[in-house]
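Thanks for coming. Please have a look at the model first.

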Amino acid sequence: MKIAEIADKLGLEVVNEGQWEREAKCCYASDMLSDVLANGGEGCLWITRQSHPNIVAVAAIRGMAGIIITGGKQISPDTIEKAGQEQVMIFSTPKQTCELAGMLYMLLSNEVERG
Amino acid sequence: MRIYWADLHIHTCLSPCAELDMTPKGIIKRAAAKGLDMIAVTDHNSAGNLSAALGCAAGGTVAVIPGMEITSAEEVHILALFETIDAAAEMQRQLYDGGDFPPDAGHKAFGTEQVIVNVADEILGFEPRLLAGASSKGLEDIIGAVHALGGLAIASHSDRESFSVLSQLGFFPEDAMFDAIEVTGKKPDTLLPARFPRLHSSDAHSPDMIGRKKTGFMMEAPTFRELAMAIKGEGGRGIRG
């Protein structure tokens, strides 16, 4: 499913613009960046509460489709600036990780079932 | 100048994960028996037992550096070492006044009491704040606050699987302003930026751990200022093992 459609359906707030037309194939939820560096899948949307600038590099290294920061956290200008440089899409949501992950998982798995 | 042996990461019975027999008096005694010249007392997010620790050490052979192990918003542990108790207390005030570690958040959640004691190991009280929690301040903000108070900021167990820069942030941010990093040897040294001085400390939570790891500093005297110069490699001081 295209990122634009996902963002619309989940009511995500855009923090940093990027490739709206890119397909998100999967999702990954983790707050340990070492874990995401090791296991984050290419083309996945990554759900996290971390907002440290390092998230941008981790998403870029793993070729992830974008980052969704949960819990309505304030995101530092440093993080947003790095995301601009690396062209990594960042979204924000007031929802907590579990709820958002459930909604995103349903969206993506329904699409797989529909073929 | 000579080499002074230091263990700069020791918890007292105030830390939720430390054993109750980690009293300031007991820690100083054990450190002396292990031949240490200097220790830092670094409880999680609290300066509550520093005055007892410095009081116990007065007139003895082991110098005590006042410190604190601060948990950042990213859940990275940062050792903050200060010249005075006042500076450490001010760091604590900034955290608590900023709303971090709220009182009565359930201090028994981790099974052990957070005990504040005096120089005679008598119980003064129990810390009601959940010291195992995390600050709302990010890593860079905490390092900045420590430096503003004249302190040293050291990345705790920076190569460990939990609560470390590597575990929480994946890699060291390019602009991280740490004065030094503590290494455990659990991961290849090449994962850690070469620019940071390496320290070895015990992270003792029980008496038998005190001095198990230590760092030798070439300096004039076991004081905070000499330690800061040794870490920065100034004036012929330095790290020697």
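A term to start with: a salt bridge here is a side-chain nitrogen of Lys or Arg within 4 Å of a carboxyl oxygen of Asp or Glu. By that rule B:Asp208 forms a salt bridge with B:Arg212, and their closest N and O atoms are 3.0 Å apart.

Some housekeeping. This is a predicted model, in which local features need pLDDT of at least 70 and side-chain atom pairs count only at pLDDT 80 or more, while totals for chains, interfaces and linings use all residues. Residues are numbered from 1 along each chain as its sequence is written, chains are lettered from A and ligands numbered from 1 in the order in which they are written, and side-chain values use heavy atoms, with hydrogens and water left out.

Back to that pair. For accessibility, buried means under 20% relative accessible area, exposed means over 50%, and partly exposed is in between, with a 1.4 Å probe and protein chains only. B:Arg212 counts as exposed because its relative accessibility is 56%. B:Asp208, at 41%, is partly exposed.

Over all chains, the structure holds 12 salt bridges. Another one joins B:Arg93 to B:Glu90, with the closest N and O atoms 2.9 Å apart. Both residues lie in helix 3 of chain B, residues 85-97, and they are three residues apart, about one turn of the helix. B:Arg93 is partly exposed at 41%, and B:Glu90 is partly exposed at 23%. With B:Asp97, these two residues are linked in a network of salt bridges.

B:Arg129 and B:Glu127 also form a salt bridge, at 3.7 Å between the closest N and O atoms. Here both residues are buried.

B:Asp7 lies in strand 1 of chain B, residues 2-10. A polar contact of 2.6 Å joins its side chain to that of B:Ser202. A polar contact is a pair of N or O atoms within 3.5 Å; within protein, one must be able to donate a hydrogen and the other to accept it, and residues adjacent in sequence count only if both atoms are side-chain atoms.

Next, the two chains. 10 residues of chain A are in contact with 12 residues of chain B, contact being heavy atoms within 4.5 Å. How many salt bridges are there between chain A and chain B? The count is zero. Across this interface, though, eight residue pairs are in polar contact, both residues at pLDDT 80 or more. On the side of chain A that touches chain B, helix 2 (33-39) and helix 3 (54-61) are the elements that give two or more residues.

One residue to look at is B:Glu140, in helix 4 of chain B, residues 139-148. The side chains of B:Glu140 and A:His52 are joined by a polar contact of 3.1 Å. B:Glu140 is partly exposed, at 33% relative accessibility.

Technical notes:
Helices (H or I, at least four residues) and strands (E, at least two) are DSSP runs, numbered from the N terminus.
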